[in-house]
Amino acid sequence: MTMTTTVDAEQAWQDLQRIRVPQERVYDEIERTAHDDAGATYTTAALMWTFLAVSGLDLPRWAFWLSLIAYVTVLGTLGVVHNRRTRMRLHRSRHNWRSFATFIGGAAVTLVAIVLSGRLVDWLALPFGSLIQATVSAGTFVLFVGPANRWAISTLRDRGGRATDGRTAR
């Protein structure tokens, strides 16, 4: 027994658009937050600047460790709050190799900026060296994060389209 159904091309096209339009809106929202969310970047840079400026002072060892614990705690809290505030989540496209490469690259660039600016300040024996080191390091962080986040998010729409095409091909 063979059963055939007629397919209305216009109805099929409307069904496809009903599926794709919300998906496109999700990608638009993720890309918009990657491009427009500078608040978390500047807050993180301000925290880093404050920690580096304070760590350059002649503090007792316990005060340095206390400031380090406070810095890590506030930074972790900021990450949790920012992650919970994000409205859109796609399990398949939330994190990929570009996200991890951006994180590792950002950590490496920031660490190199901290070490090199610290050595330069020591070598030149500049007054207020920790302020200079903190400013250079936080500036490097801000200049790296924006383009790196846009690069990490740039392929979400393409990957989502390939995953959808792969499911329909089965």
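T41 is buried, because its relative accessibility is 15% (buried means under 20% relative accessible area, exposed over 50%, partly exposed in between, with a 1.4 Å probe and protein chains only). T41 sits in helix α2, residues 39-55. This is a predicted model, in which local features need pLDDT of at least 70, side-chain atom pairs count only at pLDDT 80 or more, and totals for chains, interfaces and linings use all residues. Residues are numbered from 1 along each chain as its sequence is written, and side-chain values use heavy atoms, with hydrogens and water left out.

**Overall fold**
- The protein chain has 6 helices and 0 strands (DSSP runs numbered from the N terminus: helices are H or I, at least four residues, and strands are E, at least two).
- Along the sequence the pattern reads α-α-α-α-α-α.
- Of the 170 residues in the protein chain, 26% are buried.
- Take the contacts between residues at least 6 apart in sequence: 80% of them join residues at least 24 apart (contact means heavy atoms within 4.5 Å).

**Surroundings of T41**
- With neighbours within four places in sequence left aside, T41 is in contact with F141, V142 and V145.

**Helices α4 and α5**
- Helix α4 spans residues 97-124 and helix α5 spans residues 129-153.
- They pack at an angle of about 160°, with axes 9 Å apart (axes are lines fitted to C-alpha atoms, for helices over the stretch in contact, and angles run from 0 to 180 degrees between N-to-C directions).
- That angle makes α4 roughly antiparallel to α5 (under 35 degrees counts as roughly parallel, over 145 as roughly antiparallel, 65 to 115 as roughly perpendicular, and the rest as oblique).
- The crossing of α4 past α5 is right-handed (the near helix is turned clockwise from the far one by less than a right angle; anticlockwise is left-handed).
- Residues of this contact divide into 13 nonpolar, 12 polar and 1 charged (Ala, Val, Leu, Ile, Met, Phe, Trp, Tyr, Cys and Pro count as nonpolar, Asp, Glu, Lys and Arg as charged, and the others, Gly among them, as polar).

**L116**
- L116 belongs to helix α4.
- L116 is exposed, with a relative accessible area of 53%.
- L116 and S137 are 21 residues apart in sequence, and their C-alpha atoms are 9.3 Å apart in space.

**Annotated spans**
- The unreviewed UniProt entry annotates residues 62-80, 100-118 and 124-145 as "transmembrane region" (annotations may be inferred rather than shown by experiment).
- Residues 100-118 are 100% helix and 0% strand, with end C-alpha atoms 27 Å apart.
- Residues 124-145 are 82% helix and 0% strand, with end C-alpha atoms 29 Å apart.
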